[in-house]
2 protein chains.
Amino acid sequence: MDLHIFGVPALPQVVRGADVGALIADVVRRGARGVEPGDVFVVAQKIVSKAEGAVVRLDEVVPSAIATRWGSETGKDPRVVEVILRESRRIVRMDRGILISETRHGFVCANAGVDASNVAPGFVTVLPDDPDASADRLRGALSAAFGCPVAVIVSDTFGRAWREGAVNVALGVSGLTPLLDYRGTADSHGRPLTSTVIALADELAAAAEIVTRKSAGTPVAIVRGAAEWAGDGHGRMLVRDASRDLFR
Amino acid sequence: MDLHIFGVPALPQVVRGADVGALIADVVRRGARGVEPGDVFVVAQKIVSKAEGAVVRLDEVVPSAIATRWGSETGKDPRVVEVILRESRRIVRMDRGILISETRHGFVCANAGVDASNVAPGFVTVLPDDPDASADRLRGALSAAFGCPVAVIVSDTFGRAWREGAVNVALGVSGLTPLLDYRGTADSHGRPLTSTVIALADELAAAAEIVTRKSAGTPVAIVRGAAEWAGDGHGRMLVRDASRDLFR
């Protein structure tokens with residue numbers, strides 16, 4: 001009943017069109033850990049976005065009036081603000097220099113997931129078009145490469161309401177049950193547990209972040225010991241529908 | 001650069017006045033894993049609350065008018081609602097059967113952390129009076145018992161805005177840096193990273209939850225491999241001050 005979490009060796013720079021599954025399989029093969037059935041590969045969104053071309057060249061962006069105003073108020077590049085607005089389907093908060101929006105996927109996060117870190121100057125990454133599809137493709141590639149079923153989480157680091165600091169969460173999920181539903185099961189006194197649904201995929205993503213944080217340049221970690229939760233389900237199940245959400 | 005996470009063997013029932021540190025030390029000593037310097041003990045709030053007497057007998061609670069109304073609207077025991085209101089210093093949302101409030105500690109969570117699961121019928125637990133002090137005491141006891149410095153997180157499972165499912169978070173922290181601040185460090189292109197503060201203690205709590213979830217009745221897990229983050233700091237650093245929060 002243990003979990004073991006470790007980073008895979010550093011990948012080469014990921015460029016547009018790169019086969020991320022093949023890159024990961026290659027470095028894992030050169031490592032000593034091997035792959036076991038049910039291993040969960042947690043892959044940073046950044047390399048998925050780069051490979052998929054989810055990258056915007058700022059030279060080609062013309063900021064709108066509101067992007068220019070928000071940029072000048074906050075000291076941010078108005079072209080980056082424009083990309084954020086394009087990636088957003090609703091603005092949740094725009095206050096005190098912070099722009100929190102809902103992406104077209106339904107994720108609620110700062111700057112719609114647009115990020116300039118670890119990208120060449122003059123470019124920003126945006127979130128993958130369909131992180132679950134990205135996870136599906138990676139799972140297919142990695143399961144084939146190692147001849148055993150594995151699961152994949154495409155993760156990103158999001159801030160939270162009410163709490164300081166960001167944590168890694170699961171954007172895309174494949175081959176894993178993202179939510180564990182304990183409603184209706186009994187507690188130690190035989191009474192039904194109420195409203196206990198655990199976001200397993202987010203907890204796995206958070207655990208992996210600790211390891212990738214420790215190993216700079218390692219955008220992929222493997223969680224071993226979670227094979228019992230292999231299954232169907234996607235990251236979109238972790239997105240609370242706006243109609244059920246009290247905070248947007 | 002690995003993390004290894006495992007549950008400690010099941011504890012006996014924790015009653016008021018129990019020495020939780022001694023109980024944990026006892027079962028860990030009987031296990032085969034030992035303790036290493038820098039091990040992080042993640043301890044469920046529930047057993048801390050029970051030991052500290054942070055338990056309310058519902059027979060002694062007289063519900064107020066609003067507790068009675070909310071209880072009858074939502075089908076909840078009005079005495080439990082009354083305890084929730086007593087534990088709250090502000091109500092953040094009270095809508096669609098969901099009551100989210102800010103506790104006197106500043107935590108924002110459903111039902112102010114009041115919980116009837118795994119408690120004897122007729123009782124509910126409330127959050128520990130000062131989870132950081134609880135973590136400090138446990139750290140002192142466990143470091144002394146094993147003759148090496150360890151860290152302690154007192155954790156609970158909280159829901160989130162915008163995302164389905166709950167995750168474990170750190171209420172009380174001792175012996176560990178709860179937030180890792182990467183602002184001002186450079187990315188792979190030599191540009192400064194902005195606003196990258198990671199809630200390490202929450203990620204560790206989340207990782208531990210996966211293991212305790214697997215081993216029913218195990219309210220304590222050990223995270224091994226995080227010794228580099230030994231340090232000062234408390235769980236209260238993870239609570240965003242209301243003046244900086246856009247969602248309450």
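Helix 5 (residues 131–146) of chain A lies across strand 2 (40–44), strand 8 and strand 9 of chain A, and runs at about 70° to strand 9 of chain A. Helices (H or I, at least four residues) and strands (E, at least two) are DSSP runs, numbered from the N terminus. Axes are lines fitted to C-alpha atoms, for helices over the stretch in contact, and angles run from 0 to 180 degrees between N-to-C directions. Two residues are in contact if their C-beta atoms, placed from the backbone, lie within 7 Å.

This is a predicted model, in which local features need pLDDT of at least 70 and side-chain atom pairs count only at pLDDT 80 or more, while totals for chains, interfaces and linings use all residues. Residues are numbered from 1 along each chain as its sequence is written, and chains are lettered from A and ligands numbered from 1 in the order in which they are written.

An open sheet of 10 strands has the order 9(A)-8(A)-2(A)-12(A)-1(A)-1(B)-12(B)-2(B)-8(B)-9(B), with mixed pairing; two strands pair if DSSP finds at least two bridges between them. Strand 9 (167–174) of chain A and strand 9 of chain B stand at the edges with a single partner strand each, so one side of each has no neighbour in the sheet. On average, neighbouring strands of this sheet are turned by 25° against each other, direction ignored.

Strands of a sheet pair through backbone hydrogen bonds, either parallel or antiparallel. Strand 1 of chain A and strand 12 (residues 220–224) of chain A run antiparallel and are joined by four bridges. Gly7(A) has Ala221(A) as its bridge partner in strand 12 of chain A. Strand 1 (residues 2–7) of chain A is also joined by four bridges to strand 1 of chain B, and these two run antiparallel. Here Ile5(A) stands opposite Leu3(B).

Now consider the contact between the chains. In it, 55 residues of chain B meet 55 residues of chain A. Among the elements that give two or more residues to the chain B side are strand 1 (3–7), strand 9 (167–174) and helix 6 (200–214) of chain B. Helix 6 of chain B gives the largest share, 11 residues. By class, the chain B side has 30 nonpolar, 10 polar and 15 charged residues. Ala, Val, Leu, Ile, Met, Phe, Trp, Tyr, Cys and Pro count as nonpolar, Asp, Glu, Lys and Arg as charged, and the others, Gly among them, as polar.

Chain B also shows helices packed on each other. The axes of helix 3 (residues 65–74) and helix 4 (residues 78–86) of chain B are 8 Å apart, at an angle of about 125°. The two helices are therefore oblique to each other; angles under 35 degrees count as roughly parallel, over 145 as roughly antiparallel, 65 to 115 as roughly perpendicular and the rest as oblique. Residues of this contact include Trp70(B) of helix 3 and Leu85(B) of helix 4 of chain B.

Helix 1 (residues 20–30) and helix 5 (residues 131–146) of chain B have axes that come within 9 Å and cross at roughly 35°. Their contact has eight nonpolar, one polar and one charged residues.

Finally, chain A is divided into domain 1 (4–54 + 128–244) and domain 2 (55–125), with bounds from an automatic or database domain assignment. Their C-alpha centres lie 25 Å apart. The contact takes 11 residues from domain 1 and nine residues from domain 2 of chain A.
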